[in-house]
Amino acid sequence: MTAVDDHPEIPSKPGAGGRAAGLTGKGLQLAFIVVAAGMLCFFGRLPHARQQQVREVIRVFLGILLEAMPFMLVGALVGGLIEVFVSPEGLAKILSGRRRRSVLVAAAMGVIFPVCECAIVPVVRRLVRKGAPLSAAVAFLLAGPIVNPIVAASTAVAYAGDWHVVAARLALGYVIAVVVGLAIGKVFQGGQALIPQGRDPHAHVHGGDGAPRRSRLRRFGGRLLEAAHHGASDFLDVGRFLVIGAFVTGVLRTLVRQEHLLGGGGDGPLAMLGMMGLAFVLNLCSEADAFVAASFRGLVGFSGQMAFMVLGPMLDLKLLAMYLALFRKRAIVALAVSIAAAVFLSIVLYGHLVELVHLCVLLSRRSIAS
Amino acid sequence: MTLAVCVAWLGSFAWLFAGGGYTYFLAPAYGVLLVVGGVVLAAFTVGVAFGGRACAHGDATRAAWVPLAILVVPLAFLAANPRPVPTSYAFAARAGYSRLWKSIIALGVLDHARGGARPAQGSARLSPYPTSGPAATMPGPRQRVTPLDVALDYPGNVGQGIAMDGMVYRQEGLPAGSLVAFRFVITCCAADAWPAGILVTSEKARAFPIDSWVRVTGTVASTSVKAQDMPVVHAERIVPISPPGNPYIENRLRKGARR
């Protein structure tokens with residue numbers, strides 16, 4: 001019995017959103033396979049200069065992938081354990097109550113339930129169906145992939161233990177998720193924002209027939225095996241997007257001069273917008289994107305790197321396709337616009353706040369010295 | 001098929017870690033990530049093999065070929081190119097944006113060469129170098145250093161005798177009798193590696209092809225390019241060497257790199 005079978009109101013035929021998501025994802029994936037196969041088959045026939053370019057693409061691609069994949073694997077394993085050991089009903093119970101309180105709680109739930117952005121969409125869909133408020137569900141959807149210990153660890157590793165970066169990323173992710181969650185909850189009622197008869201493409205991964213299966217697998221070891229099985233599913237579902245994202249990054253970093261890509265880089269609004277656009281296109285996993293962001297040190301300032309790390313887990317091409325299976329189009333437009341605006345404004349404000357603090361510290365030191 | 005992909009990735013992690021090949025992609029300290037990933041992959045392998053069909057649709061057992069093929073692509077790249085070394089192409093491409101180190105690596109030379117009309121190969125646009133040091137000071141014992149060490153210890157190391165390994169870079173605009181010996185400095189992975197190159201002067205500089213590995217024995221001096229002070233090594237001897245086991249050098253100034 002599948003998740004869809006649990007909810008007879010959901011038609012077995014995929015909705016328009018599901019089809020759109022499927023087509024977008026499949027086209028991207030097939031294009032990647034064709035390009036990769038072409039590189040492998042025709043490498044020997046390329047002139048020397050092109051061979052060097054291809055080698056550089058492969059070197060960067062594999063470098064990012066080998067560093068990010070272990071984190072993605074750990075995330076997939078945790079997702080499998082959540083799938084088996086935590087019921088969505090229990091989560092929904094935590095999220096019931098007053099709206100503001102539930103939003104604040106939901107945005108922090110990633111600390112207890114660390115899941116990446118791909119795994120979180122079907123979980124949120126189930127939460128909404130179990131009665132969780134829309135605003136809380138959106139807050140969990142946006143903050144979960146950022147405000148969690150795995151992402152904190154990977155960010156710390158990527159930035160060589162710079163806890164200022166880690167704290168800023170988690171704090172900004174939390175605040176933005178709360179603000180956008182409240183805004184979406186204010187504008188839309190649950191029924192207005194959600195597709196009533198949609199079917200998300202990942203429903204099968206986490207919804208599933210856990211209950212009857214679990215009733216048969218009473219032994220703890222059996223449940224662990226089941227969790228590992230779910231983790232392997234997530235490895236397939238999420239790992240492929242990580243592979244493609246790392247490959248696109250390798251191509252961009254090799255063939256396009258970074259100065260041109262980001263308008264000379266720097267720390268201004270244009271660099272921030274450029275990095276937000278890059279995060280949207282690259283579709284990197286939140287457990288891995290810090291490594292890519294860190295690789296832009298020296299080219300793009302702190303605000304640009306932070307915009308990349310905060311926007312990516314909330315809004316990218318892959319997520320947009322998945323949102324089509326969960327929200328109505330106008331809700332997606334509102335969500336996308338509010339996320340982009342909130343990320344931009346909050347990071348600008350954060351930058352000014354940090355400058356102000358530095359100024360105060362400097363002035364206080366001078367006054368003490370004098 | 002899912003089982004085969006999990007086993008293939010597990011085998012790749014084990015092969016990279018045991019053979020040390022991961023140092024071509026990751027900083028040595030990050031090898032532990034492969035161990036962690038390998039343990040998780042082993043769990044997935046057991047889960048897929050013995051966990052049965054966790055979901056009725058059997059997503060992990062009857063997975064579509066497209067995601068499986070995508071996950072095989074990196075392994076195919078790895079098999080085709082297991083030890084990719086960052087070459088002069090990468091040096092030239094990345095040197096352009098490492099402004100952070102502009103004052104301490106050969107980027108001043110590169111910028112100088114890029115600016116204005118490019119002189120013909122071998123012309124003495126930068127020559128003669130206004131140098132100081134080697135003629136006035138006695139070289140000390142030959143200390144094994146990297147190009148990054150030379151750059152970071154400058155100007156305190158002027159007059160010091162050094163032995164430095166690196167790859168050869170040469171481009172239009174560099175004068176006859178000079179080359180750049182470079183290495184890549186790694187912090188986390190190959191994507192964040194940035195180049196550190198030191199200008200080397202020698203009468204035999206042109207004898208060494210681009211991208212070949214050399215050991216430069218000589219004395220650190222200072223030079224000025226576009227009013228920018230930078231180190232130069234006056235080579236007494238340059239010999240070709242075999243590529244080292246790890247093509248990268250570790251970032252001595254991790255904190256500094258973030259500034």
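In this predicted model, I58(A), F61(A), L62(A) and L65(A) of helix α3(A) meet P74(B), F77(B) and L78(B) of helix α3(B). By class, this contact of α3(A) with α3(B) has seven nonpolar residues, with no polar and no charged ones.

The geometry of the pair may be considered next. Two packed helices are described by the angle between their axes and the distance between the axes. The crossing in which α3(A) passes α3(B) is left-handed.

Attention now turns to chain B. From the N terminus on, its elements run α-α-α-α-α-β-α-β-β-β-β-β-β-α, which amounts to seven helices and seven strands. Chain B is divided into domain 1, residues 2-80, and domain 2, residues 88-258. Where these two domains touch, eight residues come from domain 1 of chain B and nine residues from domain 2 of chain B. On the domain 1 side of that contact, six residues are nonpolar and two are polar, while no charged residue takes part.

Two figures describe chain B as a whole. Of its 259 residues, 46% count as buried. Among contacts in chain B with a separation of 6 or more, 71% are accounted for by residues 24 or more positions apart.

Notes
Residues are numbered from 1 along each chain as its sequence is written. Chains are lettered from A and ligands numbered from 1 in the order in which they are written. This is a predicted model: local features need pLDDT of at least 70, side-chain atom pairs count only at pLDDT 80 or more; totals for chains, interfaces and linings use all residues. A crossing is left-handed if the near helix is turned anticlockwise from the far one by less than a right angle, and right-handed if clockwise. Helices (H or I, at least four residues) and strands (E, at least two) are DSSP runs, numbered from the N terminus. Two residues are in contact if their C-beta atoms, placed from the backbone, lie within 7 Å. Ala, Val, Leu, Ile, Met, Phe, Trp, Tyr, Cys and Pro count as nonpolar, Asp, Glu, Lys and Arg as charged, and the others, Gly among them, as polar. Domain bounds come from an automatic or database domain assignment. A residue is buried if 20 or more other C-beta atoms lie within 10 Å of its own, exposed if 12 or fewer, and partly exposed in between; C-beta atoms are placed from the backbone.
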